[in-house]
Amino acid sequence: MKLTSLFAATALGCALLAVPLVADTPKRGGTMTIGVSSTTVTNGIDPHVILGDNTVWALSQFGEGLLHFDGSMNIVPWLAHSYSISDDGLVYTFELERGVKFHNGREMVAEDVKFSLERILDPATASRRRQNLEIIDRVEVIDDYTVAIHLQSAFAPFLANLVGVWAAIIPSESVNADGSITHPVGTGPFQFNNYDLGERLVLDRFDDYWRGDLPYLDRVVFTPVSDEAARMVALRTGAVDLITAVPSQLLPSLMANQNRGFELLVAPGTSWRMATMNTTRPPFDDVRVRQAVDLALDREELMLARTFGFGHVDNQIWDEGSFWRMEAELPQRDVARARELLAEAGHADGLDITIEARSLYIDDAQIVQSQLNEAGFRATIAMSDWAALAERMRAHNFDMVVAAAGWYADPDGRYARFYTPEGPANFYAGGYENAEVSALLDEARRQTDPAARRALYQQVFDTVQRDAPNPILYFAPNTMAWRHHVRDFRTDRQGGFSNAETGLAFVWLDQ
Amino acid sequence: MLKYTLRRLLQLVPVLLILSVLVFSLLHMVPGNPIDVLMGEGHSDPVVEAALRERYGLDRPLPVQYWTWLTNILSGDFGTSMYSREPILKLILERFPNTLLLALASAVVALAISLPAGIIAALYQNRLPDFGAMAVALAGISIPNFWFGILLVLLFSQYLGWLPSMGYVSPAEDFWTAMKHLILPAVTLGTAMAANLTRLIRAEMIEQLSQDYVRTARAKGLGERVIVGVHVLKNAMIPTVTIIGIQFGGLLEGAVLTEVIFAWPGIGRLAVDAVYERDYPLIQGVVLVAAIVYVAVNLIVDISYRYLDPRVKLD
């Protein structure tokens, strides 16, 4: 395992940035406007029916779940101040925090937990995370502040699946008769004001927030500025106070310029690019051809070209020092060996393949194309929009797709989704099937001893590294920039602003 | 004229019917479906997908789906967006005035530039003012709209600090702030339209200036100002108005890039997002409204011919 020096330097710079040099007393008040890099701030305002990172960040300001992530992405109690797990792993009992008020003024009680979890489980709600909680047999209200969740069978990743705004606890009175939500109510530091024209999400300070004096801001406004250049101008002119996704090509000059006029955060990210191969049909049903791709890839070059050296190269999503980090060598490029493997597979004269991607990842696809072509492939590129590509991926009708994925709190989320048929259609698009891997993943779910689980995942990891159905290309950095008067802004490992120790609740404006 | 207008409106009915069938068929022929988008990247769940298909009637045969949509539309029900679950009519009505405002302001900018530029170019044909105006017009046609918009933002927002770089404020809320927000997007869109119009007005003016009636007018001693300002200009306006009408329709739909750069909540972006999301009822609703507006604008154009040229009979 090696990290690029730039990555290490960036990580250090980010760590320095996170330490406030002067401890100032936070001031109350003010409106903070956040320019997000997508065309919409959030895909809907119902916390149980959400998609996408931007949505999670925005909605996490008003919706909270039983559990949360801390700054290092460990699971910590939240609306439940403690929990216990029965010895057989079947019953999870949560003690709720007392005195937590919903934005409508009513106190949150165990009945609300039952209502919220059952709403997510109801297919009519159409929650994309329903499957995460499918293992629940029933939710039992023991008293106002105690709730027991009974599982159908022991399921080690269960706690991780309860974290986050998609499992937010909401009051039943905030749901319309038809099951939709038009004015979401939660327990978060900010309360929903309105979602103007489906464009600007306006959130106001919740005076009765359960965590002491937080938050400091009176109002937070999320507004979409999808155009890169327009986003930078909006930050410089003060139209917005903070932006996500600073364009990579600007990073080298911005990092070097101390007088740029705003704070800049460049931190190791969790979003990774991958090259998914269709293992259900030739040529990628042959493991040798997939290994040839794995060896033909120059990940360092991809990372340098796409992130200007601010990303990093790795073969797994957990950092050095993390419990779930697997032991493994990073694959090194070996074009000669890749050619040999291709020849062994009967493609000594070259192999025609099509690499598909949507516009967001087309630059990645082009670099992959040129690297593969140096090793005897004859790759062509096809671009389509997400809806069209998703349909072909679902039907396993493609050669190779270059796409992206993110971080998972539990290794089950990462490995079961990509390497077993129960994974989502567009992650399991490669159709990789390996009875040994499936059995190991199944066992790991039932295994409650973390060390024993880890050993099982190490075996899964080694197998899929060798079989190479979807090699990781590189990790993109998290980049954000904000004006000097925005204080105590810190982001988490995922580049979001919603976890327990950081997040917008702590931000204040020095003005 | 009333009869003419009524007949034109009646002609709209088969146009819209054929259009809706075409759009509906195209939507279902294009690869991709709303369920994949609704589930999002990294999720799929047969149970939820079936529930969604049922909720939006996607499990029924296509002719039934179309018939349901059509009968609902006839009773004024545009349906709800699959993605945001908001009523489609509400989504369109919220955004349509914004787009109309931007389109009107752009048309004003375009005319304010192209009328004087086109007239001067024609009057000084093949002389310095003509070359100057045509060079600017050529540049205007060649420069990509979105790039010009960014340049305007850099100059007026970042360096001079005169105008806001993005965003929309309702004129009902704060008229002057709204106008400030309107200027840059309107100039961005308007200049692109002005470039074409300038060339057109110039050509029409030159054509008209060589007509017999101009010679007659000059012979009977009419002032050049009256000849150009009243007679020639009015005749030159007929094709110009036609082009404005066609381009105005384009402004309504084609403003997408400008709307993206300036975060302007218009109907263009609504439509493009709907296409990416395969939000079938929303796409159909937007296309329907856009078609009605397009036909209406061209009706106004046709009626205005009668004013510009009394010989034109509207029947």
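**Exercise 1. Describe the fold of chain B in this predicted model.**

Read along the sequence, chain B runs α-α-α-α-α-α-α-α-α-α-α-α-α. That comes to 13 helices and 0 strands. Helices (H or I, at least four residues) and strands (E, at least two) are DSSP runs, numbered from the N terminus. Along its principal axes, the C-alpha trace spans about 85 × 55 × 35 Å. Buried residues make up 36% of the 315 residues in chain B. A residue is buried if 20 or more other C-beta atoms lie within 10 Å of its own, exposed if 12 or fewer, and partly exposed in between, with C-beta atoms placed from the backbone.

Conventions: residues are numbered from 1 along each chain as its sequence is written, and chains are lettered from A and ligands numbered from 1 in the order in which they are written. The model is predicted, local features need pLDDT of at least 70, side-chain atom pairs count only at pLDDT 80 or more, and totals for chains, interfaces and linings use all residues.

**Exercise 2. State how confident the predictor is in chain B.**

Start with the scale: pLDDT is the predictor's confidence in each residue, from 0 to 100. The mean for chain B is 86, and 98% of its residues reach 70 or more. Next, go by element. Helix H10 (residues 224-254) of chain B has the lowest mean pLDDT, 79. Helix H4 (residues 62-74) of chain B has the highest, 92. The model scores ipTM 0.84 and pTM 0.86.

**Exercise 3. Describe the side of chain A that touches chain B.**

Count first: 41 residues of chain A are in contact with 39 residues of chain B. Contact means that the C-beta atoms, placed from the backbone, lie within 7 Å. Then find the elements: helix H4 (130-133), strand E10 (219-224), helix H6 (228-237) and helix H12 (386-394) of chain A each supply at least two residues of this side.

**Exercise 4. Work out the setting of strand E16 (residues 472-482) of chain A.**

Burial comes first: 11 of the 11 residues of E16(A) are buried, so the strand is largely enclosed by the rest of the structure. Pairing comes next; two strands pair if DSSP finds at least two bridges between them. Strand E11 (residues 242-244) of chain A joins E16(A) by 3 bridges, antiparallel. There, A:Leu242 stands opposite A:Trp482. Strand E12 (residues 263-277) of chain A joins E16(A) by 9 bridges, also antiparallel. Here A:Glu263 has A:Trp482 as its bridge partner.

Notes:
Contact = placed C-beta atoms within 7 Å.
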